[in-house]
Amino acid sequence: MATSVAGERCSILNGIISDIDSKKLTDLPAELLEHILCFPALKHVDICNVSCSCKRLHDVCHGRGTVWGHQYKLRWPRLQKYYRQNECCDWLKEYRTRHIVGLQIRRTVVSISKRFFTEVPCVGQVLGDSFAEIESLGAPEHFCEDELLSILNTDKRKSLTLKYYAKKILYFLRQQNILRSLKSFLEQPPEHQSALEGAVLVDQYCNPLADVSLESISAQLDEITDKVKKMLRVKNPSHPSLRAAQGDWHEIEDFEVQRQVVCALNSVLYEQLQYKGNEFDYYNPLNSYIHQVLLRHTGIPISLSVLYMTLARKLGVQVEPVNFPNHFLLRWCQKPRGSEDIYDFVYIDAFGKGKQLTAKECEYLIGHQVTADYYSAISTAEVLLRMVGNLLNIGKRGEGNEKSYQLLRDSLDLYLTINPDNVQYLLLQARLYFHLGIWPEKVLDILQHIQALDPSQHGAVGYLVQHTLEHIQHKKHTVEPEVKRRSVPEHLEVQYSVGLIMKHKRSGYNCVIYGWDPKCTMSQEWITTMRVHQLSSGSNQPFYNVLVQDGTCRYAAQENLEPHSSPLEIGHPEVGRYFSEFHDTHYVANEELQTRYPEDMGETLGTVGDLYHRPSPMPGQEGPSLPSTEQKNHHSMSM
């Protein structure tokens, strides 16, 4: 009997084993197969191969299923914010589109360096033709932006040229989106336009790569509002502003109750949080950017007024902007609404710690009398014009470097978006573009618009049209870049090569070489101004184009430079224009720079090998692992 039972069990076990052996992967439930195919190690190529193996797995990997949804989210996590949770979507189609857009974007970015390397740098942006290419792709903007961000987030020391142009394209694309938002904002009825929202748009346009949003700015203002309410609760527990929910607005009628709000606001803003007017660095553009005002707790009259006005409104007090000359103010009505008598208002100086002034005291503030018109409230659009006008003046005051030109361009774009028919600024924009040698076709469009608005400008317009057409003709004739070979006799005195990290012997700055001339090629006026004749070899020695750590570009004499003892990265915004990679001791010239200096890369590798890669001395032997300054100079002379 026992033997019979044991045989039966063995038979059953053999049946189970046989059944297991006959099972295949495709026999598993669809949910389990999806779970397996969502394993993180599997890439999109693996899923494509699996789905082609049989109909069962092809059905499991259908476009709207979990598998492709997982692949999409795994590869492009930043894009998840554009989809609702559990949204039913053709993930395979989205994956294909995003993949193709990525390839197109990279091709365009790579081609830009070849086409624009010989052009004059365009104050932080490449020429408009490339942007038109990106826009002509017709791809979703968030796909384009995500690919550009992917390029920027790769290894910090590599793909420098690719990142350089990706950053400029991202800068432009974001600015175009912000301009569209600004135009939509200006189309709203004036009573629906918030000065804070307008100020944020100005901030975003001038800082398109910064993380600035209306939501984050509003959240910070809500925190300040809560601090004011906390103070009000101590002084007046039944204050009406304490009953208002966050985001709701109801104007307080009682003037004494309003006064409690203003006193508490001044106390929190200027005493507790230490906000103040920036008297010592007044013309710093950061004073005009609302996110920087909140970060640094300082600003100029108009930016602090926008902040003050928004906070007061959140607490039930209506204050209005006043376009007072030389010093922006706010006015607070002390009589029933509807009064326009300038003496029925108290004027608040947000720059002066919320000081309250009479109409007469406002004149003392600026040192001269003004007409009653200057005490009137202005619209949000006028507030933005004043704000952008300040940035324009700062740009005009600049030193003629890339940063000041960029600020001038950005502020002109903003001003002419708000007031598109201002002939004075249209002419300034045309002259700026002409001076920088960029977008000649756009210059012609601007000049045509000026001529239609004001025919009396035909003299200035005619001059610019003639020279712009000459520039367009000149661009059609491509000039081959000059190739400089170290081996030719007239270049034998050139000791250093592109990509070397150098130190200036006299000024002490760190820099990287991106070009050289066998003799100084600057004008006699420059040579005299820079006192080149006081050098031991004067102008009759090699001079080097260098990118300096402080963001400037300089032209340095050979006798003033020496290889850096401890090479370091040079934090210059134009590094990517000339170099593709930082390689511990030197920069690797990109393809375009190597074409211009074909023999320099080998020289650079030899130099860094001699300077930094010598073997350390054996115990008991003398001599440092790195050559001394005298040894370096001897090595340079031998070169």
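Strand β8 covers residues 510-517 and β9 covers residues 543-548; the two run antiparallel and are joined by six bridges. Strands are DSSP runs of E with at least two residues, helices are runs of H or I with at least four, and both are numbered from the N terminus. Two strands count as paired if DSSP finds at least two bridges between them.

Eight of the eight residues of β8 are buried, so this strand is largely enclosed by the rest of the structure. Buried means under 20% relative accessible area, exposed means over 50%, and partly exposed lies in between, with a 1.4 Å probe and protein chains only.

Strand β7 (residues 501-504) pairs with β8 in the antiparallel sense over three bridges. Within this pairing, Lys503 stands opposite Asn510 of β8. The hairpin of β7 and β8 has five residues between the strands, and Gly508 takes a positive phi near 80° there.

These strands belong to an open sheet of five, ordered β10-β9-β8-β7-β11, with antiparallel pairing. The edges are held by β10 (553-557) and β11 (561-563); each has a single partner strand, so one side of each is left without a neighbour in the sheet. On average, neighbouring strands of this sheet are turned by 50° against each other, direction ignored. For such angles, axes are lines fitted to C-alpha atoms, for helices over the stretch in contact, and the angles run from 0 to 180 degrees between N-to-C directions. In general, strands of a sheet pair through backbone hydrogen bonds, either parallel or antiparallel.

Strand β4 (residues 329-333) has five of its five residues buried, so it is largely enclosed by the rest of the structure. Both of its faces are covered, with Leu329, Arg331 and Cys333 on one side and Leu330 and Trp332 on the other.

Strand β3 (residues 320-322) runs antiparallel to β4 and is joined to it by three bridges. Pro321 stands opposite Leu330 in β4. The hairpin formed by β3 and β4 has six residues between the strands, and Asn326 in the turn has a positive phi of about 70°. Strand β4 is also joined to β5 (residues 345-349), again antiparallel, by four bridges. In β5, Val346 is the bridge partner of Trp332.

## Helix α14

Helix α14 has 14 residues (301-314) and reaches 20 Å from its first C-alpha to its last, close to the expected 20 Å. The expected span is 1.5 Å times one less than the number of residues. The helix is mostly covered, as twelve of its 14 residues are buried. Among them are Pro301, Ile302, Leu304, Tyr308 and Met309. Just after α14, Gly316 takes a positive phi of about 95°.

## The whole chain

The protein chain has 25 helices and 13 strands. Of its 639 residues, 46% count as buried. Its accessible surface comes to about 33300 Å², of which 53% belongs to carbon and sulfur atoms; such areas come from the Shrake-Rupley method with a 1.4 Å probe, and for residues only the protein chains shown count as cover. Among contacts (heavy atoms within 4.5 Å) with a separation of 6 or more in the chain, 61% are between residues 24 or more positions apart.

## Basis of the values

Residues are numbered from 1 along each chain as its sequence is written, and side-chain values use heavy atoms, with hydrogens and water left out. In this predicted model, local features need pLDDT of at least 70 and side-chain atom pairs count only at pLDDT 80 or more, while totals for chains, interfaces and linings use all residues.
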